[in-house]
Amino acid sequence: MTIEAAISELFPLLGDRLSRSKGDLAQHGRSETHFNNMLPDAVAYPENTGEVSKILAVCHAQGCPVVAWGTGTSLEGHALALRGGISLDLSRMNRVLAVHPEDMDAVVQPGVTREALNAELRATGLFFSVDPGANASLGGMAATRASGTTSVRYGTMRDNVIGLEVVLADGRVIRTGTRARKSSAGYDLTGLFVGSEGTLGIITELTLRLRGQPEAISSAICAFESVEAAVETVIATIQSGISMARIEFVDSATARAFNLYAGREMPEKPHLLVEFHGSPASVAEDAERLGELVAEFGGSDFAWSSKPEERNALWALRHNAYYACLGLRKGATALVTDVCVPISRLAEAVEATRADIAESPLEGPILGHVGDGNFHAVLLVEPGNATELEEALRLSARMTERALEMEGTVTGEHGVGVGKLAYMPREHGEAWGVMGDIKAALDPTNILNPGKLVQRN
């Protein structure tokens, strides 16, 4: 039972779609952030569920690790091959299998990206709402329970995945859920696999909830004199019941990064970026109500736009915030961390994090999807500088500890992967052990993404 035996057995099935080239191994051994490269032993490119099933059956029998790969945009080392084995690249399983406009759902393979699905949906008047920023694969988004800028209104992947097809560690293929909008028949296996980070099974098909394109969309940006004023505005907005499609926060360092990255002329102050969806009348009413709150907390006048090209440019800038922040320090990499707290503790959490970073020698812009209490810090470090990485890890640890003290979570959307593994016992207590029991039941040989999310040898 060896990795090499599994690879030898898979060659007749996959041929040149089982690669051991240096380029493929390097591509599938990298991380978006600070983690060291960890190369798999081979990269497999299946094209259908049957092939995924056969690959897993072989790897299960041989004890060969299998790590699913979507687009490689995760931030906590989810797709790194910690113990070698097969990197299972699902990018060729990229078909939209069905769209049911009357039921407002779509069935897709895991390699379909969110942008590709929305391009397919343009003529239907529908769209898929979860927008994490990166053009991630939908299978990867489900596996990490992704969310993003629009989740304050439309929910996360947990709310928008209706059902799944999953290949288990031993090669069995199961379906979770139906296309019905509700069911009380048995355990919620869909919810179990959404967010399991490839440790319980490989997602090979998704049934997704779609939304109607809003009649009117309007976006705006506004500056504040302090972080506290901007965040307090967010809290007041949510508590007032104003229906926001997006409400994003960026601090003064991020505003400076945007200016350098995209030639903007934003004041180097904290900002809110907002968007409303609805009828022309509802959008106008909600914008007016928000404007009153902004004035109450000392914000500047909103710069509004309903032109698609201007709105798209604004959100493209927000989505590229990570790369913009990297530009604040030439040659830097980053430890990117996120936490999520109850809305009532958000201002306190952001202010305390800002103070910690200000006392540190590192630069760390803060931004986030603050409409649901989720914010991020991009802690800039010199590659290979162990002292700076240790400091970044200390700052990240303080963020997570504070979030738990506030009855929040150590990650609102990035997931656990490798980077947040150490905090799982404190957040979940005995429940983390139950997660391990579930893992042992579904993956007794521990081949699926070993070393991630749960504690197993």
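Leucine 18 has alanine 44 of strand E2 as its bridge partner, and E1 and E2 run antiparallel, joined by two bridges. This is a predicted model, so local features need pLDDT of at least 70 and side-chain atom pairs count only at pLDDT 80 or more, while totals for chains, interfaces and linings use all residues. Residues are numbered from 1 along each chain as its sequence is written, and side-chain values use heavy atoms, with hydrogens and water left out. Here is a short tour, starting with that first sheet.

**The four-stranded sheet**
- E1 and E2 belong to an open sheet of four strands in the order E1-E2-E4-E3, with mixed pairing; helices (H or I, at least four residues) and strands (E, at least two) are DSSP runs numbered from the N terminus, and two strands pair if DSSP finds at least two bridges between them.
- E1 and strand E3 (66-69) stand at the edges with a single partner strand each, so one side of each has no neighbour in the sheet.

**Helix H1**
- The 12 residues of helix H1 (residues 3-14) should span 16 Å at 1.5 Å a residue, and the end C-alpha atoms are 16 Å apart, which agrees; the expected span is 1.5 Å times one less than the number of residues.
- Ala6, Ile7, Leu10 and Leu14 of H1 are buried, where buried means under 20% relative accessible area, exposed over 50% and partly exposed in between (1.4 Å probe, protein chains only).
- Glycine 15 follows H1 and has a positive phi, near 60°.

**Strand E14 and its partners**
- All eight residues of strand E14 (residues 271-278) are buried, so E14 is largely enclosed by the rest of the structure.
- His271, Leu273, Glu275 and His277 are buried on one side of E14, and Leu272, Val274, Phe276 and Gly278 are buried on the other.
- Strand E12 (residues 216-223) pairs with E14 in the antiparallel sense over eight bridges, and alanine 220 has valine 274 as its bridge partner in E14.
- Strand E13 (residues 246-250) also pairs with E14 in the antiparallel sense, over five bridges, with phenylalanine 249 opposite leucine 272.

**Rings and charges**
- The structure holds four aromatic pairs; rings of Phe, Tyr and Trp (its six-membered ring) pair if their centres lie within 6.5 Å, and planes under 30 degrees apart count as stacked, over 60 as edge-to-face and the rest as tilted.
- One of them joins phenylalanine 302 and tryptophan 304, with ring centres 5.3 Å apart and planes at 45°, so the pair is tilted.
- Phenylalanine 302 is buried at 13% relative accessibility, whereas tryptophan 304 is partly exposed at 35%.
- Tyrosine 322 and tyrosine 323 form an edge-to-face pair, 5.1 Å centre to centre with 65° between the planes.
- Phe276, Phe302 and Trp304 form one aromatic cluster.
- Arginine 92 has its charged end over the ring of tyrosine 45, 4.8 Å from the centre; a charge sits over a ring if NZ of Lys or CZ of Arg is within 6 Å of the ring centre and within 35 degrees of the ring normal.
- Arginine 246 lies over the face of tryptophan 315, at 4.6 Å from the ring centre.
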